[in-house]
Amino acid sequence: MSVKRFLAGLALCLPFAAHAALAIQHWQTPQGARVLFVENHALPMLDIAVGFPAGSARDPAGKPGLATLTHRLLDQGAGGLSDTEIAHRLADVGAVLGGSFDRDRAGVSLRTLSSDAEKGAALEVLARVLQKPDFPEAVVAREKKRLIAGIREAEADPGSVADKAFYRALYGAQPYAHDPAGEPAAIETLARADLLAFYRTHYSAPNAVIALIGDLDRAEAERIAARIAAGLPAGKALPPLPKASAGAPGAVRIDHPSAQSHVLVGALGVARNDPDFFPLYVGNYVLGGGGFDSRLMHEVRDKRGYAYSAYSYFMPMGEAGPFQLGLQTRADQTDAALKVAVDTLRAFVTDGPTDAEIVQAKANLTGGFPLRIDSNRKILEYLSVIGFYRLPLDYLDTWTAQVDAVDVAAVKAAFARKLDPERLTTVVVGAGAR
């Protein structure tokens, strides 16, 4: 199961008008699992996602890679079924099992027909995967080798090397510094008992967020959620992660035999519930999130031809996620391209966007919003995010209004609060980078 993606085969067209309120129903099971549900009978399909605070930031000390290995093995043998038997049972009823994994979250998703026979068979498999993972010894050994091989392969990719170094330099001792894939030496030492212990602690009912959307009513949604939660480990709700505090600003240069230098610049950004999120989001569209409309593209690519692309983004997480600016360029012009990018950021923080830039950014963002919720799969992911990060239930209903409310003054104030261009973390990976 892959990072940040729910693997589902068929996008459902929704009957909700772009401006209509999305009726999110919510409750809590007796075991403490939070449930979010949207009823939609447009097509005979059901989508479910169950998420947990079991991402790589939850790796125990000395065991980086345990979270991702545990997640990878959930559907590789469960309730007495082998991985092959699980795959065949799902294929027999046209169901798709998928998942998501990042620094904060780990989850499992299911897409199935809503007819009783197919839905019942698919839910039985989902229940086994979530409630009775076997972690077979032979499969543990196999997946450890695969995970380590993937890490070794990523070491040849300068982009992966830069990303890993960036998080390590930015977060220092905070758990977000962990590479989600883990470290080979630590993975070698992991045993089945480690996976079981991690599963029982992190995949417990009080930590679960169950999201459902599709062709069923509230009563059936309650039965399905109760069935899932009742079979999970009892456990306790996990405490929040340690607060993120940036490491010392500075530059890390890593020599790598790549044709181009990979440059990443950034700082701590915002958490999911930060009140500055929308001004930063709109402002960043102008700075580096708007593709060819952005200032970074104009300054770095259009005016000087230093890079094919230059971008920036905020990644909100449970604690403060990163702000990152990135580009790739020829080794002999790395320093010049880096200077232009940082100067562009510095000018934006100092002067802010123009009124015209904000008008264009808001129009593009709100105009594209209907595409963000045009399928059950996309809404399912939003439900999972809203539930996991405890965002307001009207988050989707008020999204466009929140964007429209942003003005130049709000962007300037938010960027001034969150970013200091004189205290940036910089990573350069490429030939002669040292």
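The model is a predicted one.

In soluble globular proteins, nonpolar side chains tend to be buried together. Here the largest nonpolar core has 63 residues, and Tyr395 and Phe415 touch the most other members. Helix α11, spanning residues 334-351, supplies the largest share of this core, with 8 residues. A separate, second core holds 55 residues, among them Leu46, Ala78, Ile151 and Leu216. As for Phe415, once residues up to four places away in sequence are set aside, its contacts are Pro279, Leu280, Gly283, Asn284, Leu287, Phe314, Phe348 and Val349.

Helix α5 shows how one element is placed among others. Helix α5 covers residues 158-171, 14 residues in total, and reaches 20 Å from its first C-alpha to its last, close to the 20 Å expected at 1.5 Å a residue. At its start, a side-chain oxygen of Asp157 comes to within 3.1 Å of the backbone nitrogen of Gly159. Just after the helix, Gly172 adopts a positive phi of about 60°. An α-helix has 3.6 residues a turn, so residues three or four places apart point the same way. The buried residues of α5 are Pro158, Val161, Ala162, Ala165, Phe166, Tyr167, Leu170 and Tyr171. These buried residues pack against helix α4 (137-154) and against the strands β7 (250-255), β8 (260-268), β10 (322-330) and β11 (425-430).

Aromatic rings form a further theme. A pair of aromatic rings is described by the distance of the centres and the angle of the planes. The structure contains 18 aromatic pairs. In one of them, Phe135 and Tyr199, the ring centres are 6.2 Å apart and the planes stand at 65°, so the pair is edge-to-face. Because Phe135 lies in the loop between α3 (116-131) and α4 while Tyr199 belongs to helix α7 (residues 192-202), this pair ties together parts that are 64 residues apart in sequence. Phe135 and Tyr199 are both buried.

Another pair is that of Tyr281 and Trp399, whose centres are 5.9 Å apart and whose planes meet at 75°, so this pair is also edge-to-face. The pair links distant parts of the chain, with Tyr281 in helix α9 (residues 277-289) and Trp399 in helix α14 (residues 395-404), 118 residues apart. Tyr281 is partly exposed because its relative accessible area is 23%, whereas Trp399, at 2%, counts as buried. Tyr281 and Trp399 belong to one aromatic cluster together with Phe277, Phe278, Phe369 and Tyr395.

Charged side chains also meet aromatic rings. The charged end of Arg105 sits over the ring of Phe388, 5.9 Å from its centre, and Arg301 lies over the face of Tyr308, at 4.7 Å from the ring centre. Arg111, in strand β5 (residues 106-113), is buried, with a relative accessible area of 3%. Its side chain makes a polar contact of 2.7 Å with the side chain of Asp47.

Finally, Ser204 is located in the loop between α7 and β6 (209-214). With a relative accessible area of 0%, Ser204 is buried. Apart from neighbours within four places in sequence, Ser204 is in contact with Phe52, Tyr199, Leu232, Pro233, Ala234, Gly235 and Lys236. Ser204 and Asp394 lie 190 residues apart in sequence and 27 Å apart in space, C-alpha to C-alpha.

How values were computed
Residues numbered from 1 in each chain as written. Predicted model: local features only at pLDDT ≥ 70, side-chain atom pairs only at ≥ 80, totals over all residues. Heavy atoms only, no water. Core = buried A, V, L, I, M, F, W, Y, C linked by side-chain atoms within 4.5 Å. Buried < 20%, exposed > 50% of the residue type's maximum accessible area, 1.4 Å probe, protein only. Helix = DSSP H or I, 4+ residues; strand = E, 2+ residues; numbered from the N terminus. Contact = heavy atoms within 4.5 Å. Polar contact = N/O pair within 3.5 Å; in protein donor to acceptor, adjacent residues only side chain to side chain. Expected span 1.5 Å × (residues − 1). Phe/Tyr/Trp six-rings, centres within 6.5 Å; stacked < 30°, edge-to-face > 60°. Lys NZ or Arg CZ within 6 Å of the ring centre and 35° of its normal.
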